[in-house]
Amino acid sequence: MVSLTFSKSIVDRLKKNMATALKLSNIRLYRLTQALLWFSECMGIKEIARLMGVCEKTIINWLKTFMDKGVGWLIGQHYQGRGRKSKLTKDQKNKLVELIKKGPEDNGFHCGIWNTAMIAELIWLKLEVR
């Protein structure tokens, strides 16, 4: 049987990550950090898995990744990209905001109120992005 203990500095950093997770409402970071903190308090893998509602293998994988990549891995959990990558660049987004502020009639539409289809058409006409 292998024993694993966390130093006080690691536990302190985990607690800071917990505070960050709560502040940002990041459920994934919260769950990972909580599982690691419970493990640091000598709670068993079976019990942690039961409380987290995941299988034991998931907890073991989290521990292995944490041992391999360290606390920096947890910080990366917040900044992982979610969803599809934007097709518009930052400059194109700024230009789109200006076009939308001008209103639909100034952009060649006959309606006075924007809708999603019109904005999609505006992006295609002015920015050539579908």
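**Exercise 1. Which residues does N17 touch, not counting residues up to four places away in sequence?**

Solution. Start with the ground rules. This is a predicted model, where local features need pLDDT of at least 70, side-chain atom pairs count only at pLDDT 80 or more, and totals for chains, interfaces and linings use all residues. Residues are numbered from 1 along each chain as its sequence is written, and side-chain values use heavy atoms, with hydrogens and water left out.

Step 1: locate the residue. N17 sits in helix α1. Helices here are DSSP runs (H or I, at least four residues), numbered from the N terminus.

Step 2: list its contacts (heavy atoms within 4.5 Å). N17 touches L29, T33, V71, L74 and I75.

Step 3: check burial. Buried means under 20% relative accessible area, exposed over 50%, partly exposed in between (1.4 Å probe, protein chains only). N17 has 4%, so N17 is buried.

**Exercise 2. State which element of the protein has the lowest mean pLDDT and which the highest.**

Solution. pLDDT is the predictor's confidence in each residue, from 0 to 100. The protein averages 88, and 92% of its residues reach 70 or more. Helix α5 (residues 71-79) has the lowest mean, 72. Helix α3 (residues 45-52) has the highest, 94. Where pLDDT is low, the predicted coordinates should not be read in detail.

**Exercise 3. Describe the largest nonpolar core.**

Solution. Step 1: define it. A nonpolar core is a set of buried Ala, Val, Leu, Ile, Met, Phe, Trp, Tyr and Cys residues joined through side-chain atoms within 4.5 Å.

Step 1: The core holds 22 residues, and F6, L14, L36, I48, I59, F66 and L74 touch the most other members.

Step 2: assign the helices. At least two residues each come from α1 (8-24), α2 (27-40), α3, α4 (56-69) and α5. The largest share, 7 residues, is supplied by α2.

Step 3: look beyond this core. Apart from it lies another core of 10 residues, including W114, M118, L127 and V129.

**Exercise 4. Compare the span of α2 with its expected value, then inspect its ends.**

Solution. The expected span is 1.5 Å times one less than the number of residues. Helix α2 has 14 residues and reaches 20 Å from first C-alpha to last, close to the expected 20 Å. At its N-terminal end N26 is the cap, with a side-chain oxygen 3.2 Å from the backbone nitrogen of R28. Just after α2, C42 takes a positive phi of about 70°.

**Exercise 5. Show where the buried residues of α7 point.**

Solution. Helix α7 (residues 116-127) has 12 residues and should span 16 Å; its end C-alpha atoms are 16 Å apart, which agrees.

Step 1: list the buried residues of α7. They are M118, L122, I123 and L127.

Step 2: look down the axis. The arc is that of the directions from the helix axis to the C-beta atoms.

Step 3: find the partner. The buried residues of α7 pack against α6 (90-102).

Step 4: zoom in on L127. Its relative accessible area is 11%. L127 touches L88, Q92, K95, L96 and L122, not counting residues up to four places away in sequence.

Key: A polar contact is a pair of N or O atoms within 3.5 Å; within protein, one must be able to donate a hydrogen and the other to accept it, and residues adjacent in sequence count only if both atoms are side-chain atoms.
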